Amino acid sequence: MITLKNLRIGYQQTVADNLNVTFPTQKITALLGANGCGKTTLLKTMLGLIKPLHGEILIKNTPHFNWTAAQLARTIGYVPQAQQGVFSFTVRDVVLMGRTAYLAWYATPNQQDKQIAQQSLEQLGVAHLADKSYMTLSGGERQLVLIARALAQRPQCLIMDEPTSNLDFGNQIRVLEHIQQLRQQGLTVMFTTHQPEQAFRYADHLLLMYQGEIIKQGSPKDVMDLASLAQIYGLSPQILAKNLHLLKDE
Ligand SMILES: Nc1ncnc2c1ncn2[C@@H]1O[C@H](COP(=O)(O)OP(=O)(O)OP(=O)(O)O)[C@@H](O)[C@H]1O
């Protein structure tokens, strides 16, 4: 559904180059890489928020630049990091914002938009929060509401920037289980994480980013080994093994 071809991303300076990736449809892709390696820059470029420096992004085989912002929003939902969303609105209104891509500039949400927002809240199990102020929610509740807002866009693909950061252990697992359910319902999902074990357990496809390149991609079992993780995080394989139970037996 989304393909990167010889993509170069960055600002005045290149952050990453030669990115050639096909995100498998109706699967979960996880992106792992150290702080500052370019994960958020890549997500923002795929969302059309930053222009590629070179190369192409194809969405359903059509170059990215041929899509209007509204068309992109109806196809790709974005879930930013929860602490970045500062909304003095009710949860219901935050989720209704997901319908913006379907409204003419002069229109207000209609009954159908409200129904879809309600369904999205129910799908994530947070309908009971609908009348609360978003600002009063816990980190875990905010994350679920932001996912509900993205689902209200009725996208085919969800791009999530560290969806489990700042969540307690239980909420991390709840969010990951929801992501897996969304995949089962037919969504294509991509998420970034700083936790290799999450990527290993929940992703179907894994990308490892290091020093401006995707150094490995494939199934987590094939891609994730101590040497590669040690490389991307700048650790010795021995120290990594001490901390990663998952790969200890390698
Ligand atoms: N608006 C910007 N203008 C110029 N450089 C930027 C901008 N935003 C980020 N950068 C730089 O681009 C590089 C990649 O940043 P990015 O936020 O994509 O990394 P990341 O992998 O998402 O990091 P983290 O894991 O810490 O969130 C960093 O060196 C950063 O300083």
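This is a predicted model: local features need pLDDT of at least 70, side-chain atom pairs count only at pLDDT 80 or more; totals for chains, interfaces and linings use all residues.
Four strands form an open sheet, in the order β2-β1-β4-β5, and the pairing is antiparallel. For anyone new to this, strands of a sheet pair through backbone hydrogen bonds, either parallel or antiparallel. Which strands stand at the edges? They are β2 and β5, the latter covering residues 62–63. Each of these has a single partner strand, so one side of each is left without a neighbour in the sheet.

Now the pairs themselves. β1 and β2 form a hairpin, with 3 residues between them. The two run antiparallel and are joined by 6 bridges. If you want to find one on screen, take G10, whose bridge partner in β2 is T14. At the other end of the order, strand β4, residues 54–59, is joined to β5 by 2 bridges, again antiparallel. There, L58 stands opposite P63 in β5.

Helix α1 lies across β1, β2 and β4, and runs at about 120° to β1. Helix α1, residues 39–46, also gives the most to the shell around the ligand, with 3 residues.

Which residues are around it? The list is Y11, V15, G33, N35, G36, C37, G38, K39, T40 and T41. How do the residues of this shell divide by type? There are 6 polar, 3 nonpolar and 1 charged.

Next, the core. The largest nonpolar core has 64 residues. Those that touch the most other members are V95, V145, A148, L158, I159, V189 and L206. Helix α5, residues 139–152, gives the most to this core, with 8 residues. Let me take V145 as an example. Leaving out residues up to four places away in sequence, V145 touches V91, V94, V95, V126, L129, Y134 and L137.

Another residue to look at is L208, in strand β9, residues 205–210. Is L208 buried or exposed? The cut-off for buried is 20 or more other C-beta atoms within 10 Å. L208 has 23 within that distance, so L208 is buried. As for distance, L208 and Q172 are 36 residues apart in sequence, and 21 Å apart in space from C-alpha to C-alpha.

Last, two backbone angles. N6 has a positive phi of about 45°, although N6 is not a glycine. Where does N6 lie? It is in strand β1, residues 2–10. N6 counts as exposed, because 12 C-beta neighbours lie inside 10 Å, and exposed means 12 or fewer.

The other one is Q26. Q26 is not a glycine either, and has a positive phi of about 60°. Q26 lies in the loop between β2, residues 14–23, and β3, residues 28–33. With 16 C-beta neighbours inside 10 Å, Q26 counts as partly exposed.

To repeat the two places: N6 is in a strand, and Q26 is in a loop. That is the end of the talk.

Methods:
Residues are numbered from 1 along each chain as its sequence is written. A residue is near a molecule or strand if its C-beta atom, placed from the backbone, lies within 6 Å of it. Ala, Val, Leu, Ile, Met, Phe, Trp, Tyr, Cys and Pro count as nonpolar, Asp, Glu, Lys and Arg as charged, and the others, Gly among them, as polar. Two strands pair if DSSP finds at least two bridges between them. A nonpolar core is a set of buried Ala, Val, Leu, Ile, Met, Phe, Trp, Tyr and Cys residues joined through C-beta atoms within 7 Å. Two residues are in contact if their C-beta atoms, placed from the backbone, lie within 7 Å. Axes are lines fitted to C-alpha atoms, for helices over the stretch in contact, and angles run from 0 to 180 degrees between N-to-C directions.
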